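Here is a short briefing on one protein chain. Look at the sequence and the model first, then read the points below.

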Amino acid sequence: MGLFNNILDRFKNAEFTVAPQKKLKTISADFKKAFNLTLVFYKGVQIADGELTLAALNKKTTKNVNTHAEGLKIKASMKVGEAEKLFDTTFGVTVQIKDAEGTKLVPNEITLGQAARGEY
C-alpha cells in the first residue's frame, strides 16, 4: 500500500498564495486542511503569535521576511525538510512541520503524504 500511496501523493497538491496581510494562523489552517499536519512559524527561537501577519513578523524578528514573495506550491510528494526550506527561501521565515496534534516534529526525510498518514 505504501508504493500506491506514494504515487497518489504525486497527484495531490496544495497551492498557497501567501500575502503579507494574511495571518500566520490562517496560513497554518490552510496547511492543516491540505495535509492534516501542523505548520508552526517561528520568530527567532520562539513560536510566533498566530495573530501576526508576515509583514508584522518582519518587524518582530532579526531575520528579513520577504513580504513581497509570489507564493509557493507544496505537494504531498515533497519531503518535509524541502517544504520547510521552501518557506525559508521564498519568504525568509522559519517553520517546523508537526503532526496533526502539533505535539511531535515530523522527520525531514519523509514526504508530507507519509507524514499525513503517520508513516514514521
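Phenylalanine 91 is buried in this predicted model. Its relative accessible area is 1%, and the cut-off for buried is under 20%. Phe91 belongs to one aromatic cluster together with Phe41 and Phe87.

**Aromatic cluster**

- The count of aromatic pairs comes to 3.
- One of them joins phenylalanine 41 and phenylalanine 87 in an edge-to-face arrangement. The ring centres are 6.0 Å apart, and the planes make an angle of 90°.
- This pair links distant parts of the chain. Phenylalanine 41 sits in strand β2 and phenylalanine 87 in helix α4, 46 residues apart.
- Phenylalanine 41 is buried, with 4% relative accessible area. Phenylalanine 87 is buried too, at 2%.
- Phenylalanine 87 also pairs with phenylalanine 91, and this pair is tilted. Here the centres are 6.3 Å apart, with 40° between the planes.
- Both phenylalanine 87 and phenylalanine 91 belong to helix α4. They are 4 residues apart, about one turn of the helix.

**Nonpolar core**

- The largest nonpolar core has 28 residues.
- Which residues have the most contacts inside this core? They are Phe41, Ile74, Phe87, Val93, Ile97 and Leu112.
- Helices α2 (24-35), α3 (54-60), α4 (80-91) and α5 (112-116) are among the elements that give two or more residues to the core.
- Strands β2 (38-43), β4 (72-75) and β5 (94-98) also give two or more residues each.

**Sheet and packing helices**

- An open sheet is formed by 3 strands in the order β3-β2-β5, with antiparallel pairing.
- Strands β3 (46-47) and β5 stand at the edges. Each has a single partner strand, so one side of each is left without a neighbour in the sheet.
- The antiparallel pairing of β2 with β5 runs over 5 bridges. Within it, valine 40 has glutamine 96 of β5 as its bridge partner.
- Helix α2 packs on the sheet and touches β2 and β5. The direction of α2 makes about 155° with that of β2.
- Helix α4 also packs on the sheet, touching β2 and β5. The direction of α4 makes about 150° with that of β5.

**Threonine 38**

- Threonine 38 lies in strand β2.
- Is threonine 38 buried or exposed? It counts as buried, because its relative accessibility is 18% and the cut-off is under 20%.
- The side chain of threonine 38 reaches the backbone oxygen of alanine 100 at 3.1 Å.
- Beyond its neighbours within four places in sequence, threonine 38 is in contact with residues including Phe31, Lys32, Gln96 and Ile97. Lys98, Asp99, Ala100, Glu101 and Gly102 are also among its contacts.

**Asparagine 64**

- Asparagine 64 lies in the loop between α3 and β4.
- Asparagine 64 counts as exposed, because its relative accessibility is 62% and the cut-off is over 50%.
- Which residues does asparagine 64 touch, not counting those up to four places away in sequence? They are Asn58, Phe91 and Gly92.
- Asparagine 64 and phenylalanine 91 are 27 residues apart in sequence. In space they are 8.6 Å apart, C-alpha to C-alpha.

Key
Residues numbered from 1 in each chain as written. Predicted model: local features only at pLDDT ≥ 70, side-chain atom pairs only at ≥ 80, totals over all residues. Heavy atoms only, no water. Core = buried A, V, L, I, M, F, W, Y, C linked by side-chain atoms within 4.5 Å. Buried < 20%, exposed > 50% of the residue type's maximum accessible area, 1.4 Å probe, protein only. Polar contact = N/O pair within 3.5 Å; in protein donor to acceptor, adjacent residues only side chain to side chain. Contact = heavy atoms within 4.5 Å. Phe/Tyr/Trp six-rings, centres within 6.5 Å; stacked < 30°, edge-to-face > 60°. Pairing = 2+ DSSP bridges. Axes fitted to C-alpha atoms, helices over the stretch in contact; angles between N-to-C directions.
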